[in-house]
Each structure stands twice: as C-alpha cells, then as structure tokens.
Amino acid sequence: MSMNSQGRPTVAATAATSAIPDTFTGNRALQIEEALLFEVGRHDVTGVDLDEPADFAPRLGKLARKLPIDLPGLSEPETMRHYVRLSQKNYSIDSGLYPLGSCTMKHNPRLNERMARLPGIGDVHPLQPLSTVKGAVELMTELSRWLIEMTGMTSVALSPKAGAHGELCGMMAIKAAIAAKGETRNIVLVPESAHGTNPATAALIGFKVVTVPARPDGTVDVAAVKALLSPDVAAIMLTNPNTCGLFERDVVEIAAAIHAAGAYFYCDGANFNAIVGKAKVGELGVDAMHINLHKTFSTPHGGGGPGAGPVVLSARLAAFAPLPFIRIEADGPVLVETEEALRPGETPFGRMTAFHGQMGMFVRALSYMLSHGSDGLQQASEDAVLNANYVRAGLRDLMSQPSGDRTCMHEVLFDDTFLEGTGVTTLDFAKAMIDEGYHPMTMYFPLVVHGAMLIEPTESESKASLDLFIATLRDLVMKAKAGELERFQQAPRFAPRRRLDETRAARSPKLKWEKPEPWVEAAAAE
Amino acid sequence: MRYLPHSDTDRQAMLAQIGVGSIDDLFADIPRDLRVHGLDLPKAAGEMSVERTLGRLSAQNVAASSVPFFVGAGAYKHHVPATVDHLIQRSEFLTSYTPYQPEITQGTLQVLFEFQTQIAHLTGMEVANASMYDGSTATVEAVLMAHRLTKRNKAVLSGGLHPHYRAVVESLSPMAGDTVTSLPADPRGTEDILAAIDATTSCVVVQSPSVYGHLIDLAPIAAKAHEVGALLIAVFTEVVSLGLIEPPGAQGADIVVGEGQSIGNALSFGGPYVGLFATRQKFVRQMPGRLCGETVDAEGRRGFVLTLSTREQHIRRDKATSNICTNSGLCALAFTIHMTLLGETGLARLARINHANAVKLAESLSALKGVSLLNDSFFNEFTIRLPGDAADLVEKLAAKGVLAGVPVSRLEPGKSELADLLLVASTEVNTDEDRAAFVAALAEVLA
C-alpha cells in the first residue's frame with residue numbers, strides 16, 4: 001500500500017552535506033550512475049538484426065509516417081548493461097525482507113516462471129480456434145476449481161486484470177443484480193479503514209460512498225452498519241481480515257444484516273492469504289470477493305504489476321459474471337465468449353477486458369497451488385500469521401499498537417505513539433530502515449491510525465530472518481528514544497538516492513525526457 | 001514444503017515466544033463453527049510433478065511458433081529478443097513492488113520514465129502514463145477521462161473499433177450513467193463518423209489501423225470533434241504500426257490509447273499485456289494511472305518519483321480519476337527494453353517487414369478464386385471475403401496445420417453479412433514458406 005497524508009510530514013528535511021568525497025564518475029563502487037536511454041542511445045544504432053525487405057508497393061495510402069519518432073537505440077551489450085545497472089538500484093524480495101503490509105511480498109518460486117513460458121501457455125493466441133487451445137481452457141477450469149474450493153463460493157469470473165479491476169467486476173455484478181430486480185439502490189458502505197480502491201471503484205460506477213466508522217480497535221462497528229442500512233443501500237465493501245490485520249469477528253452478523261436489508265456483501269480479498277484453508281468466505285456470507293493472485297498466490301509484483309484479480313461469486317451473483325466465462329458441460333469445459341452462446345439463466349453484465357484475463361498469472365498461481373497442495377496452503381497461512389505475531393511479540397514492549405497488544409492475523413499494525421517526543425516521524429523511522437538494509441513497512445495506512453506502520457512479514461521469512469529484523473527495529477527505537485535525531489532525519493544515507501523532493505516533482509511535473517537547450521549542453525560539456 | 005522455511009522446532013519456539021500454546025490460538029478470532037478443517041484438493045507436489053501436470057496441459061495447445069500463424073485482431077505474434085526475457089526475470093525487477101520508496105527503487109522508476117518518453121514520442125503526444133492493464137481498459141479509461149474534461153457524457157464509437165474494446169466501454173458506461181453511440185461494424189472502412197458527432201458529444205473513439213485493418217485519416221475527425229468541443233480518442237492495437245504511419249498526435253488526437261503487447265510481450269492467451277495511454281500536457285491532471293516524474297534528491301542529484309498522486313485512489317478515494325492501482329509494470333519494462341534494442345532504425349525496419357509481408361500475403365490470397373481483399377490501405381493485417389463461412393474454413397485450415405486468422409464472426413457473432421469475413425495478420429515471424437503453406441491450404445479447402 002502507499003503512503004498518504006495522515007500524519008505524514010509534508011516538508012522533507014534537507015540533507016547535510018555528505019561526508020563522502022565525490023568520485024570522478026559519481027559512482028560509489030557497486031552503485032553505478034546510469035544516464036537515461038535518451039542520453040546514451042543513438043538514432044542509428046539498433047540491437048536487433050533484421051533484413052530490409054525487398055522492394056514492394058506500400059499500401060499505407062497518404063498516412064505513411066513523415067515525422068521522425070525520436071527513439072534512440074542501443075546495441076545488445078549496451079542494452080544489457082543499461083538495464084542491469086538500473087536493476088541494481090532496486091530493492092527486491094529476492095534480496096531481502098519486504099514487510100509491506102497489505103501487499104504480501106512473499107517468495108516468487110521460479111518454477112512458476114518456467115511454467116508460464118511453456119510454449120502451449122506463453123505462445124498461444126487468445127483468438128486461435130478453440131480446438132487448438134483445449135489445454136488452456138482446462139487450465140483455467142482447474143484454477144477455478146481451486147479458487148472455488150478455497151473460498152466456498154459458487155463460481156468465479158477470471159478475466160479481471162488486477163485487484164481493483166476485480167473490485168470493479170464484483171461491483172458491476174452487484175449493480176446488474178440490483179437492476180435485474182428492478183431496484184435502484186445507490187449507496188455503498190465502505191469502512192474508513194478500507195483501501196482507497198474500494199471507494200474509488202464504487203464511485204466509478206455511480207454509487208454514493210458512505211463511510212462506516214471504525215471501533216477503537218479498527219474493526220467495523222456492527223451497530224454503525226445497522227444504523228446506516230436502508231432500502232437505498234446496495235452493498236458493503238469490507239476487507240477481511242481488515243487492514244489493521246484483524247479478523248472481523250462480527251462478519252457473519254454484518255453479512256446477515258446486509259442481506260436482510262436486500263443488499264450485497266463485497267469482500268476485498270487483499271488479505272485472503274491469512275485465511276486460506278482456515279475459513280471459507282462463502283460461509284461468512286460474502287457475495288463477491290476478488291483474489292489478488294499477485295498477493296495470495298505469489299505471482300511476481302514486477303515493480304507494479306501485472307496482477308490478476310479473479311472474482312469469486314455467490315449463488316446470488318453467479319449468473320451475472322461477465323464474458324468470457326467457462327461453462328462445464330458433459331464432454332468438458334467450454335469457453336463462452338459471446339451473448340449468442342448463452343443459455344437460459346446466464347445473464348452476464350458485459351465484458352471487463354478484450355480477452356480472457358491474465359493467463360500468464362493463472363498458470364503461475366496454479367503452479368503455486370499445485371506445489372503447496374491443500375496441506376501446504378494451510379501451512380502457508382499459519383506461518384504467515386505465526387510470523388506476524390512473532391514480530392508483534394518481539395516489538396510489543398517498545399512499539400505501540402493502536403488497540404493494545406492483541407493477536408493479529410498476517411500483519412501487525414503499530415502507530416507512532418512510541419515516537420512521541422523524539423522528533424522522529426513514521427517517515428523518518430521508515431527511511432532509517434532503508435539504511436539498515438530493509439524495505440520499509442507500509443506507512444500511514446490504514447488511515448484510522450495516526451502514523452501507521454503496517455508490517456507483513458509473510459510466511460517466506462525464516463525465524464533467523466525475523467530475529468534480525470526485530471533486533472534491528474528494537475535498535476532503531478532505542479536510538480530514536482536516545483535522541484539520535486539526525487540518524488533518522490538524514491536517512492537514507494546509503495541508498496542509491498537520498499530523500500527525493502516529491503513536492504518539486506508535483507509542482508512542475510516533468511514526465512518525460514526533454515532535449516536540453518543548446519546552452520545547457522554547451523555548459524555541461526565545459 | 002520447499003517454500004516454507006520453518007521447521008516444527010522453529011514453530012514451537014516461536015509460539016512459546018508469542019505466549020500461546022498452539023497455532024489455533026492465533027486464529028481464535030475466526031468463529032469456531034466457521035473454521036475449515038482441510039480442503040478437498042490434492043496434497044503438496046514437488047517440482048517434477050507440477051511440471052508434468054502443467055506440461056500435459058500445455059501440450060494440448062498449438063503454440064504459435066509451431067505452425068504457419070496469421071492470427072491477430074488485437075494481439076500479435078512477434079519475435080521477442082532473448083535479452084528481453086532475461087532482463088525482466090532479474091530479481092530486482094521481477095520481485096520488486098510498486099516504487100513507493102523511491103530511494104531504493106530508482107531502477108523501476110527510471111525505466112518508467114524511459115517508457116513514458118518512448119510512448120509520448122511514438123504516439124506524437126506530450127505525456128504518457130506508466131501503463132494500464134491493456135488496450136481495452138485503457139480505452140474505457142480514456143472515455144471516462146474525456147467525460148471529465150468535457151463535462152459531457154456521450155461517447156461515439158467507430159465501427160472500426162475492436163468489438164471487444166467496444167464491449168468494455170458499453171459495459172461500464174451505462175453503469176456510470178454515461179451514453180454510448182456505437183456505429184455499425186465497418187469492414188470496408190467507409191463509415192461516415194462525422195455525421196455522428198454533435199454538440200452533445202464528449203469524445204469520438206476511432207481505431208487506426210481499424211480492427212479490419214484500414215488506416216483511418218484522423219485529421220478530419222479531430223477537426224470536426226474540436227469544432228463542437230469534443231475530444232478525439234485514437235486507439236491502436238498494433239503498436240508496431242506507429243513505426244510506419246503518421247502518429248495520432250500529429251493528426252489531432254487528444255488522447256491516444258493502445259495495446260503494447262507486440263513489443264516485448266508474449267501472446268499468453270490474452271494476458272498479461274500492457275495498455276498505453278498518452279495525452280496533451282494540459283490534460284495531465286485528469287489522467288488515470290501512475291505517473292513517474294523527474295526531481296532531485298537531498299544532495300541535488302537527479303532522481304525519479306511517482307508523482308501527481310493526488311489524482312489517485314489512495315489519496316482521493318471516491319474522488320479519484322480512476323480506481324487503478326496495480327498496472328503492468330513488468331510488461332512495460334519488457335516493452336521498454338525491446339524498444340531500446342530496436343531503436344528508431346530497428347522499429348522502422350520491423351514495421352516495413354511487417355507491412356511487406358502483409359502486402360505479399362494479401363496479394364497471394366486475393367489472387368485465389370472467390371477470395372477478395374476489402375482493404376485499400378492496411379499495415380500488417382487486412383480483411384478478406386471468403387466464398388463460405390470463415391469460421392468453418394479456419395477450422396479446416398487448422399486441421400491442415402495452418403492458423404489462418406480470426407473469423408469476424410468470433411468478434412461479431414450473429415451477423416450473417418460478416419460471416420464470410422476473415423481477419424489475417426502477417427508479421428516478421430512469417431516466412432515465404434509460411435505464406436505459401438497458407439495459400440496452398442486455402443486453395444485446397446476451397447477446391
């Protein structure tokens with residue numbers, strides 16, 4: 001999850017001059033400065049050998065390109081070095097603990113990468129004759145079977161491309177179901193601890209968002225939900241386990257109240273990884289839930305995607321699943337792509353995307369599921385919860401928890417009370433973690449907690465790894481309390497960059513490379 | 001289980017440290033009667049077993065590289081250099097999150113800045129974002145953006161727009177309270193879209209090359225749209241075409257969206273792909289999606305950050321420009337690397353090869369008795385009329401080991417006047433032998 005303005009300082013401290021003398025190159029040993037492609041590439045260089053076609057009569061009419069494109073190229077060795085050097089400026093789960101709460105940065109098995117590159121998976125076209133892609137349809141069917149069994153739901157819509165797209169799919173199904181009943185409900189209840197995607201999704205399709213207040217411990221107040229129910233309420237969007245890392249104990253009561261009011265229960269499945277094999281959302285009364293395959297089932301985050309967000313649906317919503325979907329027939333699964341192919345009772349609300357969804361992610365997720373099996377999936381949930389509680393136990397005497405020390409699920413939430421009087425902010429604390437070799441936790445989210453720090457270690461971390469992480473955070477807390485302000489305010493000191501001026505970036509946005517003015521180039525050459 | 005580091009001894013020690021007797025104590029918040037005890041699914045499997053299972057499924061499919069292959073209509077078989085696949089599998093790119101901590105994600109951020117610049121240059125636009133899910137979702141986001149900018153809510157969709165893109169827009173728009181006017185399918189590329197534009201139009205959505213392959217002159221459409229205060233959204237599904245044809249930005253487009261799969265990305269049965277999104281600088285604050293911007297660090301060194309996030313859902317919640325969060329970072333990386341390898345010289349040549357191959361194939365196919373070409377202009381994909389049902393013929397050709405294209409009926413079912421039309425794409429991967437095999441097989445099945 002990202003940062004937000006809740007308790008977050010808006011002005012960055014200026015750095016003291018570095019004690020490290022500059023090198024000629026600006027490089028710092030393995031930290032090598034790398035210019036932009038547009039500064040090192042040349043227009044007449046290419047890293048791909050292609051033969052010029054023989055003369056032919058073009059069929060471009062009057063639309064042949066007249067303008068140059070301005071796309072510099074690099075040879076293959078230059079390309080390799082350019083992007084390898086850039087890669088070395090990134091933190092990654094393969095190099096260290098990545099405790100971003102709500103983001104689930106777990107190990108990405110390379111078997112899954114190999115499976116995604118099988119020729120019959122990676123090299124098949126979405127519009128080949130269906131007779132030539134039977135294995136692809138069977139793979140989607142098998143993935144569906146696993147998702148349905150794990151959630152206890154009726155069906156699954158596979159095509160959404162990411163979590164937020166899955167939310168949109170689920171809410172569109174709800175909107176279609178309401179319309180099919182001849183109703184016009186326009187209010188969606190969203191707890192204040194929700195991910196920003198929830199209210200954004202509801203608003204996108206014309207719902208009015210009404211915020212549900214949280215109880216002091218961050219869970220949803222059942223009485224508050226009941227008080228807000230009316231014939232205008234279409235749905236509630238609830239994250240469970242919630243963004244404070246707590247299981248919503250009253251979820252069944254909330255679901256019953258929602259259903260009694262004629263509304264639907266959308267569950268944000270971002271935190272499904274805590275309860276796989278432990279509870280089935282279908283039995284909790286959920287009507288729709290997206291599953292982030294890139295969180296729970298470990299498809300790589302890739303620096304911001306691609307994700308995949310299949311949506312499991314209850315019997316009340318199954319008929320509204322968008323095209324395409326898989327129908328199980330006597331002689332095997334069938335991919336239903338068009339309205340012409342529908343049978344009675346199938347009333348899709350439309351289509352979410354051009355093709356069938358993120359097949360490349362489906363195969364990775366299925367590979368992960370097959371590897372774990374039912375026993376391993378349950379163990380993974382248990383270890384994820386064990387690890388979060390172990391971190392909690394290791395820090396509970398030094399760091400403050402917003403609702404006191406209590407058992408959490410897969411992530412543990414701290415607030416900034418323990419930093420009171422030190423002059424160190426949550427942001428400073430996070431940046432100091434960078435110098436210690438860690439990616440920071442999620443900061444300033446959820447919004448219901450001041451200076452929030454949400455830590456999700458995942459099941460991938462060993463006890464030794466967690467012990468060192470805990471010891472590091474304990475040391476930082478002690479240093480903050482001892483008044484070592486500069487250590488925090490100057491952090492990070494050892495990263496490829498010091499703190500970046502985000503205000504400047506937003507005030508006069510520079511969103512692409514621009515050729516410098518000639519006088520600038522001349523001055524630089526001197 | 002090989003992915004889980006703890007031994008049972010570790011687990012016991014950790015439970016003791018936490019101060020609970022068993023793992024169940026940590027799940028105490030889940031009501032007892034709702035706890036699951038075992039899933040009806042297979043047990044854990046080793047690497048070899050998983051490879052066998054998925055290998056068996058893979059083997060049931062016909063891979064594009066294994067046959068003469070001419071299927072397009074929004075996704076294209078291109079050669080991706082080996083360097084691309086190596087680089088995108090580097091741990092630091094593959095297993096990194098969205099770059100929220102810029103000090104330790106300059107790699108991803110600089111790539112996104114390069115990507116945005118490449119897209120802006122290719123499309124002839126001023127700014128581009130850091131990617132969308134795919135071309136179809138980029139298109140619906142562009143329509144929503146146009147509605148915000150014009151404060152109108154009627155989109156006019158060309159009959160040359162990919163029918164699935166049209167369906168995505170038509171699915172969302174009524175739910176958002178907006179109106180869509182979709183023109184009839186335009187297999188000949190002759191529709192009069194100007195007549196559909198009026199003072200209530202928010203935006204006109206035109207694909208070029210169209211789904212039927214025609215190159216569309218966007219300038220008169222832009223002029224008419226601007227005359228009535230509407231915006232032109234230009235769409236493409238084959239980004240390689242921009243190496244050879246006038247960019248939409250030079251033809252007056254206000255928003256340009258498209259599918260970037262062709263560069264750097266595998267077919268993967270439809271995803272993951274990479275949506276491209278570019279517009280004018282003055283519209284940037286209404287753009288959806290992530291934007292990477294240049295700034296300096298505390299020592300004055302150039303660096304990059306995600307910026308203008310006050311547009312986004314995590315700040316603005318129900319007032320955000322879009323609900324998008326995760327996008328297509330790794331696919332954008334693959335695009336950027338492949339485009340860097342090509343450079344201007346390589347892209348232009350690649351585009352010429354594609355065009356030349358398609359021209360040769362169109363000439364050979366239309367020379368067959370009963371087969372006619374519907375296009376005056378095209379890039380690497382065109383429409384032919386066959387003497388019979390195109391879907392049937394495609395199945396017959398598949399049985400002969402040629403994947404011949406996409407029958408229009410697959411995209412526009414139930415329209416008998418389109419049933420004999422076939423979309424055929426030819427790229428650099430096709431050899432003379434591939435084309436000869438296609439022509440010979442079609443001649444046989446028509447005989």
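This is a predicted model: local features need pLDDT of at least 70, side-chain atom pairs count only at pLDDT 80 or more; totals for chains, interfaces and linings use all residues.
Local features were taken at pLDDT of at least 70 and side-chain atom pairs at pLDDT 80 or more, whereas totals for chains, interfaces and linings use all residues. Residues are numbered from 1 along each chain as its sequence is written, and chains are lettered from A in the order in which they are written.

Between the chains, 173 residues of chain B are in contact with 182 residues of chain A, contact being counted where C-beta atoms, placed from the backbone, lie within 7 Å. The greatest contribution to the side of chain B that touches chain A comes from α10(B), with 22 residues. Helices here are DSSP runs of H or I of at least four residues, and strands are runs of E of at least two, numbered from the N terminus.

Helix α2 (residues 76-87) of chain A packs against helix α10 (residues 329-366) of chain B at an angle of about 150 degrees, with the axes 9 Å apart; axes are lines fitted to C-alpha atoms over the stretch in contact, and angles run from 0 to 180 degrees between N-to-C directions. The contact involves A:Glu76, A:Thr79 and A:Tyr83 of α2(A) together with B:Ile337, B:Thr340 and B:Leu341 of α10(B).

Within chain A, an open sheet of seven strands with mixed pairing has the order β1-β7-β6-β5-β4-β2-β3, two strands being paired if DSSP finds at least two bridges between them. Strands β6 (residues 288-290) and β7 (residues 311-313) of chain A run antiparallel and are joined by three bridges, and A:Ala288 has A:Leu313 as its bridge partner in β7(A).

Methods
Two residues are in contact if their C-beta atoms, placed from the backbone, lie within 7 Å.
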